[in-house]
Amino acid sequence: MRAWLLASAVLWCLTSVGWQRFSQFTEKGFIYGETAHTVTIYVELHHNSPFLVCMDAKRAEEETVDPTYLWIGPNEHLLTGNYRVNITQTGKLMVKDFLEPLSGLYTCTLSYKTVKAQTQEEKMVKEKYDFMMFAYREPDYSYHMALRFTTKACVGRYNEQLFRVLKKILNNLISDLSCHVIKPSYKCHFVKLPKQGLIHELFITFQVNSYVPPWKGACNDTVDCEDITNHNILQARDRIAEFFRSQAYIFHHHYNKTQPAMHFVDHSLQMERMDSCRPGFGKNEGLHSNCATCCVVCVPGTFSPDSNVTCQTCVSIHTYGAKFCP
């Protein structure tokens with residue numbers, strides 16, 4: 001029941017907010033509260049949050065007499081004496097080195113006085129501002145690729161030989177990037193081209209991945225290694241694309257009279273990026289529409305055990321970033 005209550009609270013906060021990935025930044029990088037709704041902020045894992053201002057933008061432009069600020073964090077913990085939390089004298093809050101458990105609702109109560117000029121009568125005013133902060137990280141990339149080769153016939157050992165040689169070439173091409181080709185397959189089809197007869201073509205597909213998922217040991221020495229692995233995957237993609245471009249160039253410029261029976265079909269290479277999220281994170285475009293490409297921390301009541309793209313339901317979970325369902 002507690003997990004459902006937490007999840008419901010998260011959903012309520014999200015559906016009552018105007019979406020922005022980091023909400024309303026000012027020129028100084030501050031985010032002001034709103035009295036009418038919860039402000040939602042997505043903070044990249046192991047980065048500092050922006051400064052949250054315990055007042056709205058309109059109040060910040062006015063005189064505030066004897067202001068005091070009370071910040072309450074997730075699970076209704078008072079945010080004092082926490083080395084990760086920086087609260088300035090003017091009530092601005094910043095969370096350092098943001099982690100999954102730091103996700104949740106941050107509430108600030110601003111108390112100040114109004115003073116009548118004529119009578120000096122004082123009146124205490126209190127205003128509350130809610131901020132919902134979520135940890136997120138960039139997805140891990142892989143690429144699904146499809147291409148075609150002409151062949152002399154669909155039956156014969158040459159198709160399998162070409163397939164094996166091609167796999168070896170591509171793996172050698174990207175091995176120094178800690179990437180490799182997985183799930184390779186091919187099928188032979190008859191193709192009728194406009195104003196031509198039937199030809200045989202091999203429809204080849206494969207996926208380009210890192211050797212192992214980064215969270216299983218490839219990046220233990222680096223805090224945010226998806227930047228490294230994603231950069232390598234993009235380089236692998238570019239190398240493979242250049243390889244097949246060169247194949248097309250060689251075919252068109254060096255085989256004027258005699259055409260080889262097996263050759264790459266120009267412009268047949270198609271590449272599609274596939275994203276995966278680390279354990280404890282997932283994508284939800286409906287819930288996190290302003291961070292739709294992000295892997296956002298799984299909220300209470302959900303979990304993600306491996307490289308799934310979405311978080312799964314588990315009512316017994318009461319924390320953010322769960323990796324398994326107890």
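Reply: Buried means under 20% relative accessible area, exposed over 50%, and partly exposed in between, with a 1.4 Å probe and protein chains only. This is a predicted model, where local features need pLDDT of at least 70, side-chain atom pairs count only at pLDDT 80 or more, and totals for chains, interfaces and linings use all residues. Residues are numbered from 1 along each chain as its sequence is written, and side-chain values use heavy atoms, with hydrogens and water left out.

The structure holds 6 disulfides (pairs of cysteine sulfur atoms within 2.5 Å). Among them is the link of C277 and C295, with 2.1 Å from S to S. Its S-S torsion is about -80°, so this disulfide is left-handed. C277 lies in the loop between β12 (270–276) and β13 (281–282), and C295 in strand β14 (residues 295–297), so the bond ties together parts 18 residues apart in sequence. Helices (H or I, at least four residues) and strands (E, at least two) are DSSP runs, numbered from the N terminus. C277 is buried at 0% relative accessibility. C295 is also buried, at 0%.

Now C154 and C188. Their sulfur atoms are 1.9 Å apart. This link is left-handed, with -75° about the S-S bond. C154 lies in the loop between β9 (140–151) and α3 (157–174), and C188 in strand β10 (residues 179–192), so parts 34 residues apart in sequence are tied together. C154 is partly exposed at 27%; C188 is partly exposed at 22%.

C314 and C325 are joined with 1.8 Å from S to S. The torsion is about 70°, so that disulfide is right-handed. C314 is buried at 3%, whereas C325 is partly exposed at 36%.
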